[in-house]
Amino acid sequence: MIKLITSIIVYIVLIVLQFVMPKYVPMNLWLFYPNFILIFIVYTALNKGAMRGQLTGFFYGLTWDILAADIFGMRALSFTVAGYLAGIFNKKLDKSQPITQIIVTAVGLIVTQIVIDFIYIVMPLSDTAHYISGFELSYLALLNILINLILAPVVFKIFSLVEKF
């Protein structure tokens with residue numbers, strides 16, 4: 001019962017951090033807002049395996065798709081793929097090492113960005129057609145990835161402390 005309550009609290013906190021907090025961050029910083037949900041998906045996949053990683057990715061991606069005005073299913077697909085790929089490394093890497101956390105988070109972020117770029121190429125929206133010109137990581141995407149990678153070990157530590165409850 002405590003695990004269920006903790007999971008619900010983590011879910012609510014992540015949704016608030018991802019969707020409510022950017023509304024209160026100045027617009028020039030909002031472009032580089034960390035992707036706490038993806039970091040949590042990578043954390044879960046590294047610690048629980050590929051199946052749990054993909055289920056977590058799908059669930060949080062579906063929530064993101066419901067709350068965002070974007071192509072429906074885009075985040076569910078990209079987070080599911082990222083959760084699966086991160087979960088593959090569950091038993092192969094030492095997940096307590098910050099460098100492992102950073103590298104696997106980088107793989108998740110890059111895969112997510114590539115899947116989203118591919119979906120925008122296949123199904124462009126009128127307001128994003130000028131933004132996506134192919135499979136390239138723009139400097140904004142690279143800065144966003146860098147911020148996520150810097151925060152990944154800190155967020156991993158927080159999640160490991162929360163998981164002990």
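**Close-up 1. Helices α5 and α6 are roughly antiparallel to each other, a class that requires an angle over 145 degrees, whereas angles under 35 degrees count as roughly parallel, 65 to 115 as roughly perpendicular and the rest as oblique.** This is a predicted model, in which local features need pLDDT of at least 70 and side-chain atom pairs count only at pLDDT 80 or more, while totals for chains, interfaces and linings use all residues. Residues are numbered from 1 along each chain as its sequence is written, and side-chain values use heavy atoms, with hydrogens and water left out. Helix α5 covers residues 74-88 and helix α6 residues 98-122, and the two pack at an angle of about 150 degrees with their axes 9 Å apart. The axes are lines fitted to C-alpha atoms over the stretch in contact, with angles running from 0 to 180 degrees between N-to-C directions, and the helices are DSSP runs (H or I, at least four residues) numbered from the N terminus. Their crossing is right-handed, that is, the near helix is turned clockwise from the far one by less than a right angle. In contact terms (heavy atoms within 4.5 Å), residues of α5 including Met74, Leu77, Val81 and Leu85 meet a set in α6 that includes Val104, Val111, Val115 and Ile119.

**Close-up 2. Helices α1 and α4 are oblique to each other.** They pack at an angle of about 45 degrees, with their axes 12 Å apart, and α1 passes α4 in a right-handed crossing. The contact is made by Val10, Tyr11, Leu14, Ile15, Gln18 and Phe19 of α1 together with Phe59, Tyr60, Thr63, Trp64 and Leu67 of α4.

**Close-up 3. Tyr11, Phe40, Tyr43, Phe59, Tyr60, Phe156 and Phe159 form one aromatic cluster.** A search of the whole structure finds nine aromatic pairs, where rings of Phe, Tyr and Trp (its six-membered ring) pair if their centres lie within 6.5 Å, and planes under 30 degrees apart count as stacked, over 60 as edge-to-face and the rest as tilted. The ring centres of Tyr11 and Phe59 are 5.3 Å apart and the planes stand at 40 degrees, so this pair is tilted. Because Tyr11 lies in helix α1 (residues 2-20) and Phe59 in helix α4 (residues 50-67), the pair ties together parts that are 48 residues apart in sequence. Phe59 also forms an edge-to-face pair with Tyr60, at 5.8 Å centre to centre and 80 degrees between the planes. With buried meaning under 20% relative accessible area, exposed over 50% and partly exposed in between (1.4 Å probe, protein chains only), Tyr11 is partly exposed at 23%, Phe59 is partly exposed at 44%, and Tyr60 is buried at 5%.

**Close-up 4. Glu163 forms a salt bridge with Lys48.** The closest N and O atoms of the two residues are 3.2 Å apart, and the count for the structure comes to one salt bridge, defined as a side-chain nitrogen of Lys or Arg within 4 Å of a carboxyl oxygen of Asp or Glu. The pair links distant parts of the chain, with Glu163 in helix α7 (residues 139-163) and Lys48 in helix α3 (residues 36-48), 115 residues apart. Glu163 is partly exposed at 32% relative accessible area, and Lys48 is partly exposed at 37%.

**Close-up 5. Gly87 lies in helix α5 and is buried, at 5% relative accessibility.** Gly87 and Lys48 are 39 residues apart in sequence and 7.2 Å apart in space, C-alpha to C-alpha. Leaving aside residues up to four places away in sequence, Gly87 touches Ala45, Gly49 and Ala50.
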